[in-house]
Amino acid sequence: MLQRMSGVFIGALFGTIFVVANAHDPLNPAIGIALRVLAVLTFAGLLTLALRAGRRGQPAPDDPEAPQADWFRGKFAFVVGAEAALLIGGNLALRAAGAPEQTAVAWIALIVGLHFIALMAVWKRRSIAVPGAALTALGAIGLGMAATSAVAWVPFVSGVLSGVALLGGCGYAITHTYRSTARP
């Protein structure tokens, strides 16, 4: 369970970072602060629930979402390496092409979403398909918005909403794990 929860912790942490880093202008400052606080509180709640699940025990052996012994080896390393190369190379290419700075968060959301979709196939975990598809779509929408007068809203669409999708996906995974550890 520790391997699965470490992946969920990473997703929830990055979801929180997406919200905290991008909940700014053109949002009303009070709304931005509220979103940041809510993201941090959500992360704390997910962390608490995950720790409680860890104390309750292991998921049932027939649970299709039970962790595999080698989640972070082999194909996972390839997916993460490709993700890192695309993140860096794509952002450098966007900057060299003179794209607005807001495209950085859209590109990150797009690549992180694609990485989840690839990991869905590697880990055979349908639970990461929804946040993967959501981040991919929000990243693509943000890249499209960057060429319009709505460019100032790209951090909200590709950043804040991506963070919400990640926190929601992690919430689903942690809740599922918590329920699977319930003692009869």
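This briefing describes the fold, the packing and a few selected residues of one protein chain.

The model is predicted, and its chain has six helices and zero strands. Read from the N terminus on, the elements follow the order α-α-α-α-α-α. Of the 184 residues in the chain, 40% are buried. Among the contacts in the chain with a separation of 6 or more, 77% are made by residues 24 or more positions apart.

**The nonpolar cores**

- The largest nonpolar core has 20 residues, and the ones with the most contacts inside it are F18, F116, L119, L135 and V154.
- Two or more residues of this core come from each of the elements α3, which spans residues 75-96, α4, which spans 103-123, α5, which spans 129-145, and α6. The element that gives the most to this core is α4, with seven residues.
- When neighbours within four places in sequence are left aside, L119 is in contact with F76, V79, K124 and I128.
- Another core, of 11 residues, lies apart from the largest one, and V8, L167, A173 and I174 are among its members.

**How α5 and α6 pack**

- The helices α5 and α6 pack with their axes 9 Å apart, at an angle of about 175°. Because an angle over 145 degrees counts as roughly antiparallel, α5 is described as roughly antiparallel to α6.
- On the α5 side of this contact are P131, A134, L135, L138, G139, I141, G142 and M145, and they meet V154, V157, S158, L161, S162, A165, L166 and G169 on the α6 side.
- Sorted by class, the contact of α5 with α6 has 11 nonpolar residues and five polar ones, while no charged residues take part.

**S158, a serine inside the packing**

- S158 is found in helix α6, which covers residues 154-180, and it is one of the α6 residues that meet α5.
- Is S158 buried or exposed? With a relative accessible area of 0%, S158 is buried, because buried means under 20% relative accessible area.
- If residues up to four places away in sequence are not counted, S158 touches F18, V105, A106, A109, L138, G139 and G142.

- N22 lies in helix α1, which runs over residues 2-22, and N22 is buried, with a relative accessible area of 11%.
- A polar atom of the side chain of N22 lies 2.8 Å from the backbone oxygen of F18.
- Which residues does N22 contact, leaving aside its neighbours within four places in sequence? N22 is in contact with V105, P155, F156, G159 and V160.
- P155 has its place in helix α6, and at 7% relative accessibility P155 counts as buried.
- Although P155 and N22 are 133 residues apart along the chain, their C-alpha atoms are separated by 5.3 Å.
- Apart from residues up to four places away in sequence, P155 touches N22, H24, Q102, V105 and V160. V105 and V160 are also in contact with N22.

**P26 and its cis peptide bond**

- D25 and P26 are joined by a cis peptide bond, with omega of about 10°.
- P26 is placed in the loop between α1 and α2, the latter covering residues 29-56, and P26 is partly exposed, with a relative accessible area of 36%.
- With neighbours within four places in sequence left aside, P26 is in contact with A152 and W153.
- The C-alpha atoms of P26 and V154 are separated by 9.9 Å, while the two residues are 128 residues apart along the chain.

- S180 is found in helix α6, and at 18% relative accessibility S180 counts as buried, because the cut-off for buried is under 20%.
- How far apart in sequence and in space are S180 and A53? They are 127 residues apart in sequence, and from C-alpha to C-alpha they are 8.6 Å apart in space.

Notes: Residues are numbered from 1 along each chain as its sequence is written. This is a predicted model: local features need pLDDT of at least 70, side-chain atom pairs count only at pLDDT 80 or more; totals for chains, interfaces and linings use all residues. Side-chain values use heavy atoms; hydrogens and water are left out. Helices (H or I, at least four residues) and strands (E, at least two) are DSSP runs, numbered from the N terminus. Buried means under 20% relative accessible area, exposed over 50%, partly exposed in between (1.4 Å probe, protein chains only). Contact means heavy atoms within 4.5 Å. A nonpolar core is a set of buried Ala, Val, Leu, Ile, Met, Phe, Trp, Tyr and Cys residues joined through side-chain atoms within 4.5 Å. Axes are lines fitted to C-alpha atoms, for helices over the stretch in contact, and angles run from 0 to 180 degrees between N-to-C directions. Angles under 35 degrees count as roughly parallel, over 145 as roughly antiparallel, 65 to 115 as roughly perpendicular and the rest as oblique. Ala, Val, Leu, Ile, Met, Phe, Trp, Tyr, Cys and Pro count as nonpolar, Asp, Glu, Lys and Arg as charged, and the others, Gly among them, as polar. A polar contact is a pair of N or O atoms within 3.5 Å; within protein, one must be able to donate a hydrogen and the other to accept it, and residues adjacent in sequence count only if both atoms are side-chain atoms.
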